[in-house]
Amino acid sequence: LTLTLTLTLTLSVTVTLTLTRYEALAFAARLGLPRATPAAVRTALVEAALCALGLQRVAGRVVGLRGAGGGGLSGGERKRVSLGVMLVTAPPVLLCDEPTSGLDAFGAHSLAAVLAAVARRAQRTVLLSVHQPSSQVFALLDHLTLLADGRALYRGAAADVAGFLSRAAVPAAPPGTSTADHLLYVCCSHRSSMQAAHEAAM
């Protein structure tokens with residue numbers, strides 16, 4: 001009997017700790033793709049995912065468990081491998097629940113940039129929930145939905161949110177304040193007026 005330790009990653013997938021990054025993605029491809037998928041196609045998808053995630057130079061390293069003497073991955077690397085496990089199955093839609101949580105500003109922006117590249121180059125829909133995004137992460141968003149207490153306050157192009165705030169009689173962001181930080185504030189302080197403006201525009 002062999003006991004294999006597994007670790008559930010933030011993006012809700014499980015990667016075997018004893019596998020290398022390449023093996024983890026190859027395993028996911030064999031499980032997630034149709035049985036009739038040629039081996040060459042599976043290999044191409046794995047290599048494309050490793051390249052997109054910037055993992056090709058460390059593809060042969062074991063995932064491991066950091067802190068357990070195995071030289072495991074950092075939080076950002078784990079999330080990239082987790083994202084790769086989803087990418088190799090070539091889904092038309094990627095659902096990512098707070099993929100940047102727990103990462104520093106650079107790591108969060110790097111992961112968000114990968115997701116943006118996947119959306120544009122592979123023509124896939126990427127939906128992600130983000131709490132307190134930096135201005136750099138916010139700039140990568142194409143479409144935006146603002147929620148408060150489960151109710152939509154805005155739904156539309158991220159670039160158009162400033163115009164929406166003006167129409168809703170919500171103060172503009174003070175000089176030196178990022179749009180993302182300002183939205184967090186006004187979603188609490190001007191919730192009712194934003195919700196009314198959003199419903200009127202529907």
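Predicted model: local features only at pLDDT ≥ 70, side-chain atom pairs only at ≥ 80, totals over all residues.
**Stop 1: the whole chain**

Start with the chain in cartoon view and colour it by secondary structure. You are looking at eight helices and six strands. Followed from the N terminus, the elements come in the order β-β-α-α-α-β-α-β-α-β-β-α-α-α. Of the 202 residues in the chain, 38% are buried. Among contacts with a separation of 6 or more, 60% are between residues 24 or more positions apart.

**Stop 2: the largest nonpolar core**

Hide the surface and select Leu-25, Leu-83, Leu-87, Val-88 and Leu-94. These are the residues with the most contacts inside the largest nonpolar core, which has 28 residues. Next, colour the elements that each supply at least two residues of this core: helix H1 (21-32), helix H2 (39-52), helix H3 (75-87), strand E3 (93-97) and helix H4 (105-121). Which of them gives the most to the core? That is H4, with six residues. As background, nonpolar side chains tend to be buried together in soluble globular proteins.

**Stop 3: a second core**

Now select Phe-138, Ala-148, Val-170 and Ala-180. They are included in a second, separate core of 17 residues.

**Stop 4: an aromatic pair**

Show the side chains of Tyr-154 and Phe-164. The count of aromatic pairs comes to one, and this is the pair: the rings are tilted, at 4.9 Å centre to centre with 50° between the planes. Tyr-154 lies in strand E6 (residues 151-157) and Phe-164 in helix H6 (residues 161-167), so the pair ties together parts that are ten residues apart in sequence. Are these two residues buried or exposed? Tyr-154 counts as buried, at 6% relative accessibility, and Phe-164 is buried as well, at 4%.

**Stop 5: two salt bridges**

Side chains of opposite charge can pair when their charged atoms come close. There are two salt bridges to visit here.

- Select Arg-120 and Asp-142. Their closest N and O atoms are 2.9 Å apart. Arg-120 is in helix H4, while Asp-142 sits in the loop between helix H5 (135-138) and strand E5 (143-148), so this bridge links distant parts of the chain, 22 residues apart. Both partners are partly exposed: Arg-120 has a relative accessible area of 43%, and Asp-142 comes in at 42%.
- Then select Arg-191 and Asp-149, whose side chains meet at 2.4 Å, N to O. This bridge also links distant parts of the chain, with Arg-191 in helix H8 (residues 191-201) and Asp-149 in the loop between E5 and E6, 42 residues apart. Arg-191 is partly exposed at 28%, whereas Asp-149 counts as exposed at 67%.

**Stop 6: two cysteines**

A disulfide is a covalent bond between the sulfur atoms of two cysteines, and a search of the whole structure finds zero of them. Colour the two by accessibility before you leave: Cys-187 counts as buried, at 10%, but Cys-188 is exposed, at 57%.

Conventions. Residues numbered from 1 in each chain as written. Heavy atoms only, no water. Helix = DSSP H or I, 4+ residues; strand = E, 2+ residues; numbered from the N terminus. Buried < 20%, exposed > 50% of the residue type's maximum accessible area, 1.4 Å probe, protein only. Contact = heavy atoms within 4.5 Å. Core = buried A, V, L, I, M, F, W, Y, C linked by side-chain atoms within 4.5 Å. Phe/Tyr/Trp six-rings, centres within 6.5 Å; stacked < 30°, edge-to-face > 60°. Salt bridge = Lys/Arg side-chain N within 4 Å of Asp/Glu carboxyl O. Disulfide = S-S within 2.5 Å.
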